[in-house]
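Subject: Handover of a structure for your study

Dear colleague,

Please find the structure below, followed by an account of what was found in it. I would ask you to keep it open while you read.

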Amino acid sequence: MNTVAPFVLLSAILFTIGVIGVLLRRNAIMIFMSIELMLNSANLAFVAFSNQWGKLDGQLIVFFVMAVAATEVAVGLALIVTIFHTKKSTDVDDLSQMKG
Amino acid sequence: MQLLVILPILFPLVGLLINAFFGKHMSEGLIGGLASSMVGLSFLVSAWLLFTSGGGPGIVDLSIPWIKVGTLDVPFGFLIDQLSLTMMLIVTGVGGLIHIYSIGYMHGDPRFQRFFVYMNLFIASMLVLVMADSFLLMFVGWELVGLCSYLLIGFWFSNIHNAEAGRKAFVVNRIGDVGFILGILLIFVTFGTLTFPDVFAKVQAMNAVNAPVVVAITLLLFVGATGKSAQIPLFVWLPDAMAGPTPVSALIHAATMVTAGIYMMTRAHVLYVAAPDTQTVVALVGALTAFLAGSVALTQFDIKKVLAYSTISQLGFMVAAAGMGAYVSSVFHLATHAFFKALLFLAAGSVIHGMEHLSKGEEESERSGAPGPHKAPAPAHSGEHTVDPQDMRNMGGLRTRMPLTFVVYCIGGLALAGMPPFAGFWSKDEIVSAALARNPLVFGLLAISAIFTAFYIGRQLVMVFFGKPRSEEAAHAVESGSAMTVPLVFLAVFATIAGILNLPGLDSLSHWLVPVVGQAAEALPFNIGVATLFTVLALVMLYGAWALYRSAYVKAGDADPLTRLGGLYTFLLRAWFVDWFFQNVIVKLFYAGSTFLARVLDIGGIDGTVNGVGIMVRDVSASLRKVQTGLVRSYGLMMLLGVVLVVAYFVLSASMR
């Protein structure tokens, strides 16, 4: 058994949970958290592979992803706050003005 | 020396610029004087070139690089040789006299300034045409004079008939110009150059007779000439062009611009000599035009219309001469015709001026910003209040009222009829002699036309100047002022003596033009038999006109003696129904074709295609827009599916390898 396999398996499970959360939840905050979950599952996979090959590239990218995630949260939460101000709700299904 | 040759063009340009920008603050005399003196200066420079030239071939050839694209290399060049000098002297000489005359004729016109701007522009354009050293630059002049013609025919545009006449002239000329420019393009495609010396050298190097391409070129160029020089079938614009002021008719539509076609064929004679088939066509078209227009002139009542058809007829003589290779005779007739026809037109203008004297007195008092005194001619004989001052039926007896005009009109008329020793006799005789020697059919047509000529000018003289006045206007006509009569006297002198240009035996013009048109184009020796015959015929016809018309008109409404011809009379009066034919057949067909193209092809075909594409796109997108649900989660699902597909593709293609 490969030492990296459990980590990757865990990462895959976390990613799937994240995807399901994004697709099924209607609360914008929850969708946001699911996205964070997906990002962190990717981080886990990066760290695992980085450890296996003894290279720092993967860990480097993890820091990068963290920085991007932090920025994304800042912007995303601001958006959600604004949406809540106008809509009095965080349900993404209410945001369907762009329906064709 | 080199730059001096553009001075003749520069002077009128300076004149027109000054008049256009500062004319508002200048008096009539200053405007007219400036315009006239600029043309006079052009004449002096031309004369100076004549005397310093020494008569060598291609006296001056000024050439500045102009258009250089690929193999196309057209210089902005002027070629002053014996032929262009002859034309320059005619244009500036006759033009200058007509400018002076116009000062008197246009007096009091609210657009006096504009008139002289246009006239100067015309002189400059005509000089570009005759001085150009390439077909392209010649075409520039060719179009510019067409523009001036349009502007001046429609000069009194507030009358819709005048504006329409200008438009007709413009459109008909465009038809000819299409042929001309196609000819120029064909020259470039064939010879790769457009300058006269190069083209002619290459044609001579071809050394072929009736080469198809040369025949095509010459025929296309001739189409241009039929437009500008009013030949069959494009002559219809010239009679209508009489709507312009009379000095314009004299300068542009008799003396200079309409001779551009003859000048062009003489200039390009190398091409024409290499295509005898075209020559035959040209000669026949010219002779037929002379015959047709001469016969129509017999029946017209408008004093200027008679002269207009006469001009077409005389241009037919020149074209026929050019077609028979008698280029010297053609240019000779061009020169003499410029003098005597300008004289006739200006004298006719003087007659009209005199006829308007009575009504003008009243008009002047009530006029406030109204158009000029010699406004549009009223449509022939329409109302009881207005007497058309151009209708010869309203004239009569002007001999005593306007003695000087009468004398010069007689001189012009005799020159036109071909009476010795007046100028027209010598030049017409040369053309007729050449026709007798070269083409019997052309000779026959020209002979009949010459007989017609004597008759219609005799008829006109009798109707205008003899008998009793047939209207109040004619009874109270007065002689015109000196600004108008002095140029008339000058032109009368030239119309009398211009024959010395090429007197038999002296042949100065023939020798002068040899470097340009070659020895072969020289006039034939004087044919005393032909000369006598035509003099006698002309005398008989003049007498016939006198006998027929002396007492035919007692009052304006009398029937013309020629009405006895019945249907033929109507046929001639309506100018062989050529205009009717154009209006009812060609124009109608054109409208029908245009309507088909607009209604069926454009709306149905082209608009249908464009609209169809639009409708299709709209319908397709209407069904596609359903995809845009506006639900964020469904977008997310699609994104996921997309990612899965992309990943699946990479994984599968990697495992295939």
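**Chain B in outline**

Of the 657 residues in chain B, 52% count as buried; a residue is buried if 20 or more other C-beta atoms lie within 10 Å of its own, exposed if 12 or fewer, and partly exposed in between, with C-beta atoms placed from the backbone. This is a predicted model, in which local features need pLDDT of at least 70 and side-chain atom pairs count only at pLDDT 80 or more, while totals for chains, interfaces and linings use all residues. Residues are numbered from 1 along each chain as its sequence is written, and chains are lettered from A and ligands numbered from 1 in the order in which they are written.

Chain B has 27 helices and 2 strands; helices (H or I, at least four residues) and strands (E, at least two) are DSSP runs, numbered from the N terminus. Along the principal axes, the C-alpha atoms of chain B fill a box of roughly 115 × 65 × 55 Å. Among contacts in chain B with a separation of 6 or more, 81% are between residues 24 or more positions apart. Two residues are in contact if their C-beta atoms, placed from the backbone, lie within 7 Å.

**Nonpolar cores**

A nonpolar core is a set of buried Ala, Val, Leu, Ile, Met, Phe, Trp, Tyr and Cys residues joined through C-beta atoms within 7 Å. Which residues touch the most other members of the largest core? They are Ala320(B), Phe339(B), Ala342(B), Leu343(B), Leu446(B) and Ala495(B), in a core of 213 residues. Helix α15 (residues 327–355) of chain B gives the largest share of this core, 19 residues. Apart from this core lies another, of 6 residues, including Val19(A), Val22(A), Ala28(A) and Ile31(A).

Leaving aside residues up to four places away in sequence, Ala320(B) touches Ala283(B), Gly286(B), Ala287(B), Ala290(B), Ile431(B), Ala435(B), Val442(B) and Leu446(B). Ser329(B) is found in helix α15 of chain B and counts as buried, because 32 C-beta neighbours lie inside 10 Å. Ser329(B) and Phe422(B) are 93 residues apart in sequence, and their C-alpha atoms are 16 Å apart in space.

**A pair of helices**

At what angle do helices α5 and α6 of chain B pack? Helix α5 (residues 135–153) and helix α6 (residues 160–191) of chain B pack at about 175°, with axes 8 Å apart. Axes are lines fitted to C-alpha atoms, for helices over the stretch in contact, and angles run from 0 to 180 degrees between N-to-C directions. The two helices, α5(B) and α6(B), are therefore roughly antiparallel (angles under 35 degrees count as roughly parallel, over 145 as roughly antiparallel, 65 to 115 as roughly perpendicular and the rest as oblique).

The contact of α5(B) with α6(B) has 13 nonpolar, 5 polar and 2 charged residues. Here Ala, Val, Leu, Ile, Met, Phe, Trp, Tyr, Cys and Pro count as nonpolar, Asp, Glu, Lys and Arg as charged, and the others, Gly among them, as polar.

**Backbone features in loops**

A cis peptide bond joins Ile232(B) and Pro233(B), with omega about 0°; Pro233(B) is in the loop between α8 (212–228) and α9 (237–240) of chain B. Pro420(B) and Pro421(B) are also joined by a cis peptide bond, with omega about 5°, and Pro421(B) lies in the loop between α18 (403–417) and α19 (423–438) of chain B.

Asn210(B) is not a glycine, yet has a positive phi of about 60°. Asn210(B) sits in the loop between α7 (196–206) and α8 of chain B and is exposed, with 12 other C-beta atoms within 10 Å. Ala575(B), likewise other than glycine, has a positive phi near 55°. The place of Ala575(B) is the loop between α25 (567–573) and α26 (578–624) of chain B; Ala575(B) counts as buried, with 22 C-beta neighbours inside 10 Å.

Chain A has 3 helices and 0 strands. Buried residues make up 14% of its 100 residues. The C-alpha trace of chain A spans about 50 × 25 × 25 Å along its principal axes.

In the contact between the chains, 11 residues of chain A meet 12 residues of chain B. On the side of chain A that touches chain B, the residues divide into 6 nonpolar, 3 polar and 2 charged.

Yours sincerely
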